[in-house]
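Subject: Structure handover

Hi,

Here is the structure for you to look at. My notes on what turned up follow below it.

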Amino acid sequence: IFNFHLTNILIHALCMLAVVFLTLELLKTSRASEISSTGIAPAYLAIWVAGLWALNPVQTNAVTYLVQRMASIQTLFYVVSVCFYLKGRSEHTLAGRLRKAFPYYLLSSISSLLAFLSKPNSAMLPVMLVVTELWFFNPDLFADLWNAFKKSKWPSRALALVVLLFASV
């Protein structure tokens, strides 16, 4: 049983590292000038955030119960997927080329698929990616989509409505 607990601890440690990298990407993306003016290095802040996350009783619950390994694995892939999306979107925005960001988008998609295969509650991942897009990159996303919908022809509108219908089920 020791090996099962050790495996859970290692997965949890990988999740913590993923949260460190996610926090660093979020700080880079948001251009958090308030944090740099306080004198706290972003790396220290990311380690503190990941430490608080890792020691939270909700998170440690998945480590102590052997059957909750799927929750830890799903968390790892979920966080990694958001991190790769942020990195890809940042590269896409800064470089202005999809070619440079494509590997990150691909890794985000693979991580998303692995999260979906790990546990069903990762179905919220697309919502998280849309919220990330709205919050950090394109606050006018819904207005842009609505304008594109209004300009499209009726077959495109029908297809969009069918896709939306199936996505809501």
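A definition before the findings: a residue counts as buried under 20% relative accessible area, as exposed over 50%, and as partly exposed in between. Lys-87 has a relative accessible area of 23%, so Lys-87 is partly exposed. Please also keep in mind that this is a predicted model.

**Overall layout**

The chain has 9 helices and 0 strands. Along the sequence, the pattern reads α-α-α-α-α-α-α-α-α. The C-alpha trace spans about 60 × 45 × 25 Å along its principal axes. Of the 169 residues in the chain, 31% are buried. The chain exposes about 11400 Å², and carbon and sulfur atoms supply 73% of that area. Take the contacts with a separation of 6 or more: residues 24 or more positions apart account for 66% of them.

**Salt bridges**

Some background first. Side chains of opposite charge can pair when their charged atoms come close. The count here comes to 3 salt bridges.

The cut-off for a salt bridge is 4 Å. Both residues sit in helix H5, and they are 4 residues apart, so about one helical turn separates them. Glu-91 counts as buried because its relative accessibility is 17%.

Next, helix H1 (residues 2–30). Here Lys-28 forms a salt bridge with Glu-25, and the closest N and O atoms are 3.3 Å apart. The two are 3 residues apart in the helix, so they too are separated by about one helical turn. Their exposure is worth a look. Lys-28 is exposed, at a relative accessible area of 54%. Glu-25 is buried, at 8%.

What about Glu-133 and Arg-89? Their side chains meet in a salt bridge, at 2.7 Å from N to O. Glu-133 lies in helix H7 (residues 125–137) and Arg-89 in helix H5, so this pair ties together parts that are 44 residues apart in sequence. Are Glu-133 and Arg-89 buried or exposed? Both are buried.

Arg-89 has 18% relative accessibility, which is why it counts as buried. Leaving out residues up to four places away in sequence, Arg-89 touches Tyr-105, Glu-133 and Phe-137.

**Aromatic pair**

Which geometry matters for rings? A pair of aromatic rings is described by the distance of the centres and the angle of the planes. The count comes to 1 aromatic pair. Tyr-85 and Tyr-105 form this pair, which is tilted: 6.0 Å centre to centre, with 40° between the planes. Tyr-85 lies in helix H5 and Tyr-105 in helix H6, so the pair ties together parts that are 20 residues apart in sequence. Tyr-85 counts as buried, at 15% relative accessibility. Tyr-105 counts as buried as well, at 18%. Recall that Tyr-105 is also one of the residues that Arg-89 touches.

**Nonpolar surface patch**

Phe-102, Leu-106, Leu-107, Ile-110, Leu-113, Leu-114 and Leu-117 form a nonpolar patch on the surface. Together they have about 650 Å² of accessible area. Leu-106, one of these residues, lies in helix H6 (residues 98–118). Leu-106 is partly exposed, with a relative accessible area of 42%.

**Cysteines**

A disulfide is a covalent bond between the sulfur atoms of two cysteines. How many disulfides does the count give? It comes to 0. Cys-15 is in no disulfide, and the nearest cysteine sulfur, that of Cys-83, is 13 Å away. At that distance the sulfur of Cys-83 is too far from Cys-15 for a bond. Cys-15 is buried, at 2% relative accessibility. Cys-83 is buried too, with a relative accessible area of 13%.

Finally, helix H9 (residues 154–168) contains Phe-166. Phe-166 counts as exposed because its relative accessibility is 62%. Phe-166 and Val-20 are 146 residues apart along the chain, and their C-alpha atoms are separated by 35 Å.

Best wishes

Key: Residues are numbered from 1 along each chain as its sequence is written. This is a predicted model: local features need pLDDT of at least 70, side-chain atom pairs count only at pLDDT 80 or more; totals for chains, interfaces and linings use all residues. Side-chain values use heavy atoms; hydrogens and water are left out. Buried means under 20% relative accessible area, exposed over 50%, partly exposed in between (1.4 Å probe, protein chains only). Contact means heavy atoms within 4.5 Å. Patches are made of residues with over 30% relative accessible area and no salt bridge: like charges are joined within 9 Å, nonpolar side chains (Val, Leu, Ile, Met, Phe, Trp, Tyr) within 5 Å. Accessible areas come from the Shrake-Rupley method with a 1.4 Å probe; for residues, only the protein chains shown count as cover. Rings of Phe, Tyr and Trp (its six-membered ring) pair if their centres lie within 6.5 Å; planes under 30 degrees apart count as stacked, over 60 as edge-to-face and the rest as tilted. A disulfide is a pair of cysteine sulfur atoms within 2.5 Å.
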